[in-house]
Amino acid sequence: MKFFYYLILFFLCVCPGIAKEPLRIEGNWQILDQEQVNGVASILENPEEYAWKPVDLRKRKFVSSKEGEYFLLRSKLPATQLWKSPSVFLGKSIFSYTVWHDTKMVYQHSDHTQFHAKRFLGWLWHQFTIQEKAQPSYLYLKVYSELNLHLPISELGDENYLYNRTFMQSLPAMFVAVICVFLGIIFLIVSILLKDMFNVSITIFYLCVGWWLININPISQFLLALNPLRLQLELFALYLAPIGCVLLVMEIVPSRLNHVLRVCAYIFFAYFLVAALAEFSGLLPLWKTVIPFDIYLLCAILLVSYQIIRGSLRGNSKARILAFGLVALIFFATHDAFVVMGHLQHNMQMHWGALSFILSMVGIALARTIEMHRELATKNKSLDFLNQNLETKVQERTYELSESMKKIQTLKEQQDGDYFLTSLLEKPLQTNRNKSKKVQTDFYTSQKKKFEFMNRKAELGGDISISGNLRFFQEGKRYIFFFNGDAMGKSMQGAGGAIVAGTAVNNIIARSARNNKVIQVSPEIWLKETYQELDAIFQTFGGSMVMSAVCGIVDEETGEMWFFNAEHPATILFRDGKAHFIDSGIELRKLGSPINVDFEFLRYQLLPGDILFCGSDGRDDLEISHTKGSNRKINEDETLILRIVEQSQGEIQTILRLLEETGSITDDLSLVKLSFQTNALVDQGL
């Protein structure tokens, strides 16, 4: 309500001549000659008993040498009944005041504690009403300050007139401040939409400068609460505003000097953080950081001015436009810096510099708009030219695309033909020739590469499974041979390895079992020779083709098994409803590996009802990410297959279904199931 009251007074007093002109109080000030002012009441009762000395406020500055040291001044006033409602106006300052009119205290503003951290109220103007007296009277001021500054100009006049004049003088600056904030909001919206540094820098500058201008405007004392937070926000905005200006110059004037300007912007931001930390932690009052900031600001202004002038001399049109606004901005910023430091006794004039910069930014915005219009016109001409020739170009591109597709189709048909012929070579090599009823072998193979050639579906890959029967030592005793391998490489490369392995293994089986041949060496020696022969074949490829494999022999009568694992996924034994690995820790290298290691095999006793599973790594390489848009996730749990085998109760088709329900199969997949049954189970047909 106080604001509206003063607003009404402003309109009532707007016409000239209603009130008498105010009187400056400047030529008859006196000061009490003592360091510490105590007992003011007794002094006021008998003021002439004390030694008052004249003081020139235009030359004398007031700063307390120690905390709590006040100064007591007085000035003789003329008859105050000349004004309808006599009032005293004190210009902007940071002093703490206690004011008496003769012996009556009429006004008080804070005390020495306001200069502590988180207590400072800022640069404020003061106005207070005094008594109407027909005779001359005295005005006493008890003041305190920790900055070496002059006392502000004081005036005696009509209360309404003084308030009206304050509003009249402050309205232009408030108008500029509001325009700054408004444009800052507009540029903020534009920067969010366009996401470019040009608009971001303008946003920072206008919002910070606008808020700072609102806070330093005398009208703001009626709009905003007079508390330390107000000053904190005012100075924080001031400390951040130069960052926007520096970034703007960097965008407008490209130069190697921009590296220095970037560092300058970082220093401004670091200064803001340090000042805020010192204020809120109580280490250093915020007002003590103003003068060092002003000194650094003057240095930054010189650097920015050099960059703008340099860009203008080099023909940068935007730099020239900005130079007009910056000249005024620099002038008024320098003026206000000297006012803050106490070298000038004037009012703040930064709002005129801000207005000049606003006008220069309007010019830059127009220049950017013109440039964009020209670029758009150029693009439109290019589009018109393209549209005129679009039909011809579409026909040309369509013909080129058609020819390219024909070539691609021809190459694909040739490739599929090669794949198909290779698959015809590979398929017969996957043989399950085991004739034993006691030890049964079942295969499943699905190659990842599937294709169609001449309306015939086929698949190609590096997995291969082989089984057969052998005899050791005596003719009537049968042993079951099994082999499961995975050649490294995709499609053709893997298929080539499978063909090599299949041809070699089938040749070894045929050679060892031809004409009911009885092998006269132990299964261990035969397995070692088989590994060495296969390894020697793959060694001829010089490491460019290798194969992991499991190869073994099982006595169909006793269930005794000999086998080796050449870096193939671990062999699984399913017994009594539980599955576990039986060859973990074996270190035999892949067939064809350039690293030589001693041959190593395992001997294991199968029990009636045991089921053995050998398989390629397709059983483990499952893509288990189910959420759309999520990153591809491959299963890394090697024990997952054990749980699936237990759930399936040893059935291959159930294992395949559970694998597909768990995730997508990403590689060739082959499984060899070997079931050992007793004579009783065989006789029962189980």
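Q: In which helix does Ser170 lie?
A: This is a predicted model, in which residues are numbered from 1 along each chain as its sequence is written, local features need pLDDT of at least 70, and side-chain atom pairs count only at pLDDT 80 or more. Totals for chains, interfaces and linings use all residues, and side-chain values use heavy atoms, with hydrogens and water left out. Helices (H or I, at least four residues) and strands (E, at least two) are DSSP runs, numbered from the N terminus. Ser170 lies within the run of residues 159–194, which is helix 3.

Q: Is Ser170 buried or exposed?
A: A residue is called buried under 20% relative accessible area, exposed over 50% and partly exposed in between, with a 1.4 Å probe and protein chains only. Because the relative accessibility of Ser170 is 4%, this residue counts as buried.

Q: Which residues is Ser170 in contact with, leaving aside its neighbours within four places in sequence?
A: A contact means that heavy atoms lie within 4.5 Å of each other. With the sequence neighbours within four places left aside, the partners of Ser170 are Asn217, Pro218 and Ile219.

Q: What percentage of the residues of the protein count as buried?
A: The protein exposes about 35100 Å² (by the Shrake-Rupley method with a 1.4 Å probe; for residues, only the protein chains shown count as cover), and carbon and sulfur atoms supply 58% of that area. Among the 686 residues of the protein, the buried share is 49%.

Q: At what angle do the axes of helix 12 and helix 13 cross?
A: Axes are lines fitted to C-alpha atoms, for helices over the stretch in contact, and angles run from 0 to 180 degrees between N-to-C directions. Helix 12 covers residues 491–513 and helix 13 covers residues 523–539, and their axes come within 11 Å, crossing at roughly 145 degrees.

Q: How do the residues of the contact of helix 12 with helix 13 divide into nonpolar, polar and charged?
A: Helix 12 contributes Gly497, Val500, Ala501, Ala504, Val505, Ile508, Ile509, Arg511 and Ser512, while helix 13 contributes Trp526, Thr530, Glu533, Leu534, Ile537 and Phe538. Ala, Val, Leu, Ile, Met, Phe, Trp, Tyr, Cys and Pro count as nonpolar, Asp, Glu, Lys and Arg as charged, and the others, Gly among them, as polar. On this basis the contact residues divide into 10 nonpolar, three polar and two charged.

Q: Why does Phe676 count as buried?
A: Phe676 lies in strand 24, which covers residues 669–676, and its contacts, leaving aside neighbours within four places in sequence, include Lys438, Asp555, Gly559, Leu606 and Pro608. The C-alpha atom of Phe676 is separated by 6.8 Å from that of Gly559, although these residues are 117 residues apart along the chain. Phe676 counts as buried because its relative accessibility is 4%.

Q: With which side chain does the side chain of Asp555 make a polar contact?
A: Asp555 has its place in strand 16 (residues 547–555), and it is buried, with a relative accessible area of 2%. Not counting residues up to four places away in sequence, Asp555 touches Arg478, Tyr479 and Phe676, among others. A polar contact is a pair of N or O atoms within 3.5 Å; within protein, one must be able to donate a hydrogen and the other to accept it, and residues adjacent in sequence count only if both atoms are side-chain atoms. At 3.0 Å, the partner of the Asp555 side chain is the side chain of Lys477.

Q: Which backbone nitrogen does the side chain of Glu459 reach?
A: Glu459 is found in strand 13 (residues 456–460), and it counts as partly exposed because its relative accessibility is 27%. Its C-alpha atom and that of Ser423, 36 residues apart along the chain, are separated by 6.7 Å. At 3.4 Å, the side chain of Glu459 reaches the backbone nitrogen of Gln447.

Q: Which residues does Thr422 touch, not counting residues up to four places away in sequence?
A: Thr422 has its place in helix 11 (residues 390–426), and it counts as buried because its relative accessibility is 12%. Not counting residues up to four places away in sequence, Thr422 touches Leu460, Met492, Ala495 and Ile499.
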